[in-house]
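The report below works through a structure section by section, beginning with a single side chain and ending with the boundary between chains. Please keep the sequence and the 3D view open while reading.

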Amino acid sequence: MNPFILIAILPLVMVLLGLVPSTARRLPWMSAALMLVQIPVVGWVCYPIFSGRTLYWGVLGMDGIGAAFTIITTIVSAAAMVQAALVMPAERSQGHNITDRRFGMFYTLSGLFMISMYAVPLARHLGVLWIAIEATTLMSAPLINYHHSRDSLEATWKYLLLCSVGIAFALFGTLLIFAAQHNSAGGGTMMISGLIAHAKEMDPRLLRFGFVFCLLGYGTKAGIFPLHNWLPDAHSEAPSTASAMLSGALLNCALVAIWRLSGVVTAAGQAELVRHLLVPAGAITVVAASLMLIRQHDLKRMLAYSSVEHVGLLTLAIGIGSGRVFILHALNHSIVKVAMFLLAGGILHSYGTKALPKLGGLLKTIPVWGVALMAGAFAVAGSPPFGTFISEWLLLRDTFAAGETAAAVSVLLGLTIAFIAITRHIGRVVLGTVRAPVETTPVRSWAIVPSALLIISLISGVALAPPVMRVLTILVQAGGRR
Amino acid sequence: MNLSQTDLFAAGAAVVAVWMCGLTRVKTQLWGLVLQAALLSSICARLAMAEHYNHLLVLASAMFVIKAVAIPIFLGRSAASMGITSDRGANVHPTVTLIIGCGLLVIGYFLTPHFEVPAMLNPGSAGMSVALLFIGMLLMITRRLAISQVIGFLTMESGISLYSLTQTRGMPLLLEMIIVFEVLIGVLIAGLVIFRINRSFEHIDVTHMRGLHD
C-alpha cells in the first residue's frame, strides 16, 4: 500500500469516529489505541529511510528530515491522545459543561490537525507546504477554543489572526520565489528539488525578498521573537493535550518549512543570507525568552516561553546549517515539553489553577507528579542526564565551530538564565507549601505517559549517544544536505 | 508610461483599498471588498482570454463567486445578526488612516521595480499588489472590531492574488483553487469565533479584549 496514504489512515479513522455522536464515551480509548498502533505503522513506513533511501509520490516525498519529523509528530500525538484518554473524561465529569458534540469535535479536529502536520515535513512542493501549514492553523484554532471561556476565545482570536497574517506573508514569499525562477530557462517549478537544481539561475533579488517574507511568515508560526506574541496565550489557554501537540509538533512544522527554504537559498549560493538572518534571530529569541521566563505567574505560560526559547535554539541550528542538531534537538525538546504540558494539565485539574503563586507542595500532595515535574524541569532546562543536554551541547559546539562566537555566548547566557528561572518556578511548585485544598483523587496513572517520555529523554541522553548520531548522519544525508 | 488594462484594474483595486481606509460603515467596507474581488476576477478573466488559458476562467469564476459574493454576504449577515453597523477605528481616526493609505499607495508605486518580474506583461501591477498588502495590514491595525480585521486580512489576500495573477504565469490551477477555498474556510472559522466572542463578551471590540498578559 502507498506509504503516504497508510500514514493518514488511522488519524482519518479518528476524524470519522469523532463525527459519530454515539461513540463519545468510548472515543478517548479508541483514539488512544489508534494512535498507539500508529507508532509501529509510521515506524514501518519510515524504516527504509534509515538505510539512506527516499520515497517519492507526486508532490509528497519522504527524505531524512521528513521521516524524522513524521516520527516526532507521531510520538507527540500518541502521548497526547493516551493522556487525553486518562484525563479528559475526568475533566468532563468535573463539571466543565462540555457536550458530546464538542467532545467528538475535539477528536475530529485533532485527527485533521495531525494529518495536516504530517503533510508539512512530507511536502516536496512549496505550494503544498504552504497549504499544509495553513491547514494546521485552521484545524488547531478551534482546539484552543475547546473550553469556550473568555480567555480561550481571546487566545483563539489572536492565534487565528496573527498566524493568518503570517501565513499570508509566507504565501507572498512563496510567490516571489516562484517568480524568481519563472523567467529562467525551463519554466517555473515549485518542487523543492527542482528549485535546488536550478537555484543558480534564479533572480537573486526576488529570491532574497521571497526568503525574507517566508521567514517572517513561518517565523510567526514558529514563534521566533518578536513574532511569538500569540504563542504563550494559545499554549496556556488550550486544553493541555492540545498544548502538548502545539508545542511538541506544530512549532517543529514551521521550522521544517524554514529549513526547506533555507536549503533552496543556500543552493542558490546565498548561504550568507540564511546565516545572517537566522543566527541572530535564534540567539535573540533565546535571550529574550529566557528574560521573559523570569517573571511568569502561570505554569503553562512559563512552559510556552520555554518553547519559544527552544525555537530560538532550533532556529540557530538551521542558521548554522547543522541538520543533525536540528533533528536531535527538535526530538529531545518535543519529548520533554510534551511531558511537561501533560503534567501541567494534571496539576491544573487537581489544584484547580495554573497560577504559579497558588501552586505548591506537589511533592507532599501527589509525590509521583512532584518527582516527574522536577525531573521534567531539569530536562527542559537542558541539564546533563537528559537528551536535551546533549543536543544543546552539540549546538553550542557547532556554533563555536561555525565562528559565531557572539551568538554562542549570548545563547549560553540565555540558557543559564532560563535554567535558573525554570528551576526556581518549578522548585516552588514542587517543594513550596500547600496553599489550597488539593483534590488528590486523580490517580497516579496520569503520570505514566509523562514519566515514560522523560525516561526516553534520559535514555537518549545517556545510553544512545554514539549510535543516535550515526543514525542522524544517515537521515541528514537522505535529506540531501550536510 | 504605457499602462495596460490589467495595470489599470490593479491600480483600481489598490485605490478601492485606500477608499476603504476612510470608511467607518462596515457595510460600505464590504462593498469595497466586492469591488476589489470583482476587479481581480476580471483581471484573471482577461488573462484567460488574452493567453487562451482556459483553466484561468475556472479560477476567475471561483474567485468571483467566493470572494465577491459568498464572503461579503456571510460577513454582512454576521454583522447584521450582531447588530454591528460601524467601526469608529482604534487609536487612529479613519481620516488619518486614509492619508496613511494614500502614502502606502505611493510607496507601493515606487517599490514596483523591486518586486516586478522582468519581461512580464504587467509591470505596474507588482507595486500595486505590495501596496494592497500594506494597506490591508494598515486596515487590520487601525480598526477595533474583529470583523474589520477580517476585512483587512482579505484586502491583504487580494494583494497576494494580484501578484500571483500578474507576475507569475502558470501557478498550478489546483493550488490556486485550494488557496481560494482555504481563504473561505478561514473566513468561516473566523466568523464562528467572532460569533462566540460576541456571545460571551457582548461586543467584538478587540481593543477591549485584554484578559491575557504576562
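## A serine side chain and its surroundings

In chain A, the side chain of A:Ser116 reaches the backbone oxygen of A:Phe113 at 2.8 Å, a polar contact being a pair of N or O atoms within 3.5 Å in which, within protein, one must be able to donate a hydrogen and the other to accept it, and in which residues adjacent in sequence count only if both atoms are side-chain atoms. This is a predicted model, in which local features need pLDDT of at least 70 and side-chain atom pairs count only at pLDDT 80 or more, while totals for chains, interfaces and linings use all residues. Residues are numbered from 1 along each chain as its sequence is written, chains are lettered from A and ligands numbered from 1 in the order in which they are written, and side-chain values use heavy atoms, with hydrogens and water left out.

A:Ser116 is found in helix H4 (residues 100–122) of chain A, where helices (H or I, at least four residues) and strands (E, at least two) are DSSP runs numbered from the N terminus. With a relative accessibility of 6%, A:Ser116 counts as buried; buried means under 20% relative accessible area, exposed over 50%, and partly exposed in between (1.4 Å probe, protein chains only). Once its neighbours within four places in sequence are left aside, A:Ser116 is in contact with A:Ala132, A:Ala135, A:Thr136 and A:Met139, contact meaning heavy atoms within 4.5 Å.

## A phenylalanine in a loop

A:Phe225 has its place in the loop between helix H8 (204–222) and H9 of chain A, and with a relative accessible area of 29% A:Phe225 is partly exposed. Not counting residues up to four places away in sequence, A:Phe225 touches A:Ile284, A:Thr285, A:Ala288 and A:Met292. A:Phe225 and A:Glu309 are 84 residues apart in sequence, and their C-alpha atoms are 9.1 Å apart in space.

## Salt bridges within the chains

Side chains of opposite charge can pair when their charged atoms come close. Over all chains the structure holds eleven salt bridges, each defined as a side-chain nitrogen of Lys or Arg within 4 Å of a carboxyl oxygen of Asp or Glu. One of them joins the side chains of A:Arg260 and A:Asp63 (2.9 Å, N to O). This pair links distant parts of the chain, since A:Arg260 is in helix H10 (residues 240–267) and A:Asp63 in the loop between strand S2 (60–62) and helix H3 (64–93) of chain A, 197 residues apart. A:Arg260 is buried at a relative accessible area of 9%, and A:Asp63 is buried at 13%.

Another salt bridge is formed by the side chains of A:Arg301 and A:Asp233 (2.8 Å, N to O). A:Arg301 lies in helix H12 (residues 299–319) and A:Asp233 in helix H9 (residues 230–237) of chain A, so this pair ties together parts that are 68 residues apart in sequence. Both A:Arg301 and A:Asp233 are buried. In chain B, B:Glu157 forms a salt bridge with B:Lys67, the closest N and O atoms being 2.8 Å apart; B:Glu157 is in helix H6 and B:Lys67 in helix H3 (residues 54–81) of chain B, 90 residues apart. Both B:Glu157 and B:Lys67 are buried. Back in chain A, salt bridges that share partners join A:Lys158, A:Asp233 and A:Arg301 into one network.

## Chain A as a whole

Chain A has 19 helices and two strands. Its radius of gyration is 21 Å, close to the 23 Å that the globule rule gives for 482 residues, so chain A is as compact as a globular protein of that length; the radius is taken over C-alpha atoms, and the rule is 2.2 Å times the number of residues to the power 0.38. Of the 482 residues of chain A, 65% count as buried.

## The boundary between chains B and A

Across this boundary, 45 residues of chain B are in contact with 43 residues of chain A. The area buried between the two chains is about 4,000 Å², of which carbon and sulfur atoms give 74%; buried area is the accessible area (1.4 Å probe) that two parts lose on being put together, summed over both. The count of salt bridges between chain B and chain A is zero, while two residue pairs are in polar contact across the interface, both at pLDDT 80 or more.
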